[in-house]
Amino acid sequence: MVFNAVAELIAERNDLDVSKITPETKFQDLGIDSLDTVEMLMDLEDKIGVEIELDQKVETVGELVAFIESKMNQ
């Protein structure tokens, strides 16, 4: 669920095919910088209903998904 929400948001915001986004996809390879990540997280908070305060560096989509899932389980 979280991966799909993240992948859809990345695809939508960056005009990409969602099928090209995998857990191993690096944000840098997609041209997503830290400001883009913060904006995307705010959109994700609204979409999945969980407050996300990114307090660690994430480089891949999978790392972001794992981080969000860890916050959901607290």
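Biologist: What should I know about the model before I start?

Modeller: It is predicted, so to speak, with rules attached: local features need pLDDT of at least 70, side-chain atom pairs count only at pLDDT 80 or more, and totals for chains, interfaces and linings use all residues. Residues are numbered from 1 along each chain as its sequence is written, and side-chain values use heavy atoms, leaving out hydrogens and water.

Biologist: How are two packed helices described?

Modeller: By the angle between their axes and the distance between the axes. Here helix α1 (residues 2–14) and helix α3 (residues 61–72) have axes that come within 9 Å and cross at roughly 130 degrees. Axes are lines fitted to C-alpha atoms, for helices over the stretch in contact, with angles from 0 to 180 degrees between N-to-C directions. Helices are DSSP runs of H or I with at least four residues, numbered from the N terminus.

Biologist: Which residues make the contact of α1 with α3?

Modeller: V2, F3, V6 and I10 of α1 meet V61, L64, V65, I68, E69 and M72 of α3, where contact means heavy atoms within 4.5 Å. They divide into 9 nonpolar, no polar and 1 charged; Ala, Val, Leu, Ile, Met, Phe, Trp, Tyr, Cys and Pro count as nonpolar, Asp, Glu, Lys and Arg as charged, and the others, Gly among them, as polar.

Biologist: At what angle do α1 and α2 pack?

Modeller: About 130 degrees, with the axes 10 Å apart; α2 covers residues 34–48. The contact residues include L9 and R13 of α1 and M40 and K47 of α2. That contact has 7 nonpolar, no polar and 6 charged residues.

Technical notes
Helix = DSSP H or I, 4+ residues; strand = E, 2+ residues; numbered from the N terminus.
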